[in-house]
Amino acid sequence: MKIEIPPGLEKYKFFLFPIIVTVFSVLILIFVIIPQIYNLFNLSSKMDETNKKITSLTQKINNLNQIDRDLYKVYIDQMLIALPFDKDIPQSLSQVQFAAASTNLQIVGLDVANESTAINGALSYSIQLEVIGTLSDLKRFFNRFDEAPRVIRLAGYELTTSKDSSVYSGSVKLTTFFSPQPTTLGAIDTPVEGLSAADITLLTKIEQLTEITPIISVTGSTTPGKTNPFE
Amino acid sequence: MDKISINLLPPELAQIQKRKEYISFINKITIVCLSIAITVTASVLGYSLVKNQELEKLNSKIANIQNQINDLKDQEGYLFLLKQRLSLINGLISLPNPTLDGANLITSLIPAGVSLLSINSERSVQIGITIEANSTNSLRNLLNNLIDTNTNRGKVTKVRIENINKLKDAIRVDMIVTLK
């Protein structure tokens, strides 16, 4: 079939091929080359991210392979003495009693609050003690909790004495901490870091404190909560 | 002897020849452009395909690594829990405790001749104390200790005397000490 070119356009017939090619090239440029180049940039950045992720995950595998499960179980047991999953009131009271006994302070009454308050990411409850002791005993008692494996802090006190007596009586308020088990224990893509020097120092400190302080827990063992928290 | 060249062709033919050369040149350029466009497109598409395949390989590698991490889930749980507890414990023991600091400071600043009759504080930087001094000198010593930055280690910001009672053989003072 022969295409009839209108007489007025006869002189332009030689430019038809270049025009069609130009239009074709421009269309290829707009609809293929530019989107593909853009796609290549995206692919490149995705590959960079993926490579970084592979490095991070490989590092994570290396870190996880270095973990001695038995040793970490012991560490976790110690951490759960310092900061148990639940209130574990008997354990905290045993430590208060031990602190009082080792500082010659007499506890004549105590009250454990039911309410829990959130402090710095953990939960806490109060233990109110009625105590009798000398100022020196009281000071030693107040500072004794720095050496207790369980995280217990002095929250308040109201102490009085008479002029001729060296014995003070009154109330002492302590705050005891606990923190429920986290709902998730890490995610696959989350990088993990091993224990830092500061972590090891804290672990060692708590380990030493656990050894010198008798622990009584609701579970009857040194480990409150589940034996294996991941089950 | 110089050669003489004479063009005997009609001028119209020369014009037609020139036009043909021009069209041929345009066509050559067009073909080159078309070739370039096709080559670039093919290269870009090919490169894109190769990169896509590489990305797929990397993704399958990630899936493989993730499976390996899944096998180490217990270790990850132990480490996560341990780090979480350590972080919480560290945060709690690093919290300032003005109640304890105040008790330690005030009791260390009581000079001879002054009896501390009562002391109270409730999670606050304010400590209420009642003292009994057997002389004005003892009371002065106490106040000096409380307000002097050398003795109070810069921890006391305010001392407010609430009440002074002159007793038979002593001076009783109620005061509130505010710590930093």
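**Exercise 1. Find which helix gives the most to the lining of the largest cavity, and describe that cavity.**

Step 1. Helix 4 of chain A gives the most, with four residues. A helix here is a DSSP run of H or I with at least four residues, numbered from the N terminus.

Step 2. This is a predicted model, where local features need pLDDT of at least 70, side-chain atom pairs count only at pLDDT 80 or more, and totals for chains, interfaces and linings use all residues. Residues are numbered from 1 along each chain as its sequence is written, chains are lettered from A and ligands numbered from 1 in the order written, and side-chain values use heavy atoms, without hydrogens and water.

Step 3. On a 1 Å grid over the protein atoms alone, a cavity is a set of points where a 1.4 Å probe fits but cannot get out; lining residues have an atom within 4 Å of a point.

Step 4. List the lining: A:Leu135, A:Leu138, A:Lys139, A:Phe142, A:Leu159, B:Ala103, B:Thr107 and B:Ile119. Helix 4 (135-144) of chain A and helix 3 (98-109) of chain B each supply at least two residues.

Step 5. The largest cavity holds about 40 Å³.

**Exercise 2. State which residues of the largest nonpolar core touch the most other members.**

Step 1. A nonpolar core is a set of buried Ala, Val, Leu, Ile, Met, Phe, Trp, Tyr and Cys residues joined through side-chain atoms within 4.5 Å. Buried means under 20% relative accessible area (1.4 Å probe, protein chains only).

Step 2. The largest core has 42 residues, and A:Phe141, A:Phe142, A:Val172, A:Leu174 and B:Ile131 touch the most other members.

Step 3. Look beyond it. Another core, of 38 residues, lies apart; A:Ile54 and B:Leu88 are among its members.

**Exercise 3. Say which residues lie nearest the centre of the largest pocket.**

Step 1. A pocket is an open set of points with protein on both sides within 12 Å along at least five of seven lines.

Step 2. Of 22 lining residues, A:Phe145, A:Asp146, A:Ile152, A:Arg153 and B:Ile93 lie nearest the centre.

Step 3. Helix 5 of chain A gives the largest share of the lining, four residues.

Technical notes
Grid points are joined across faces, edges and corners, and a volume is the space filled by probe spheres set on the points. Buried means under 20% relative accessible area, exposed over 50%, partly exposed in between (1.4 Å probe, protein chains only).
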